[in-house]
Amino acid sequence: MQVKKAGFLTKIVVLALLIAASVSLLRMQGMIANAQEELDTLKLQVASQSQTNADLRDAVEHSEDPTRQKDIARNELGLAAPGEKVIIFTD
C-alpha cells in the first residue's frame, strides 16, 4: 500500500487551519483572563456588601440597646447627657 504525499494546496489549507485555531485559542485566553479579573472584582464587591449587610443587621438587631442609643446620640448627633460637659478639640 502506497502513501500518497500531500499536495502543496493541502499543506497550505492545513497551515491556514492551524493558524486560525491558534488565533482563536489566543483570543479565548484573553477573554478568559478578562473574565477572571471581572470575577475577582465582583468577589470583592460581594465581600464588601456582605460586611455592610452584617453591620446593618447588627444595628437593627441591637437598635433597642440603651447603650447603643447613647453612643449614637453622642457620636453621631453630638448630644450630651444632662449634667455632662462637652469639650470639643480643634486643630
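Biologist: Is D58 buried, partly exposed or exposed, and what is its relative accessible area?

Modeller: This is a predicted model. Buried means under 20% relative accessible area and exposed means over 50%, with partly exposed in between. D58 is therefore partly exposed, its relative accessible area being 30%.

Biologist: With which residue does D58 form a salt bridge?

Modeller: Side chains of opposite charge can pair when their charged atoms come close. For D58, the closest N and O atoms of the pair are 3.5 Å apart, and the partner is R68.

Biologist: Which parts does the pair of D58 and R68 tie together, and how many residues apart are they in sequence?

Modeller: D58 belongs to helix α1, whereas R68 belongs to helix α2 (residues 66-75). The pair therefore ties together parts whose separation in sequence is 10 residues.

Biologist: Which residue forms a salt bridge with R74, and where does that residue lie?

Modeller: The structure holds 2 salt bridges. In the one that involves R74, the closest N and O atoms are 2.6 Å apart, and the partner is E84. R74 lies in helix α2, while E84 lies in the segment after α2.

Biologist: What radius of gyration does the protein chain have?

Modeller: The C-alpha atoms fill a box of roughly 110 × 35 × 15 Å along the principal axes. A compact globule of 91 residues would have a radius of gyration near 12 Å, but the protein chain has 34 Å.

Biologist: What percentage of the 91 residues in the protein chain is buried?

Modeller: The secondary structure comes to 2 helices and 0 strands. F8, in helix α1, is exposed, with a relative accessible area of 66%. Of the 91 residues, the buried ones make up 1%.

Notes: Residues are numbered from 1 along each chain as its sequence is written. This is a predicted model: local features need pLDDT of at least 70, side-chain atom pairs count only at pLDDT 80 or more; totals for chains, interfaces and linings use all residues. Side-chain values use heavy atoms; hydrogens and water are left out. Helices (H or I, at least four residues) and strands (E, at least two) are DSSP runs, numbered from the N terminus. The radius of gyration is taken over C-alpha atoms; the globule rule is 2.2 Å times the number of residues to the power 0.38. Buried means under 20% relative accessible area, exposed over 50%, partly exposed in between (1.4 Å probe, protein chains only). A salt bridge is a side-chain nitrogen of Lys or Arg within 4 Å of a carboxyl oxygen of Asp or Glu.
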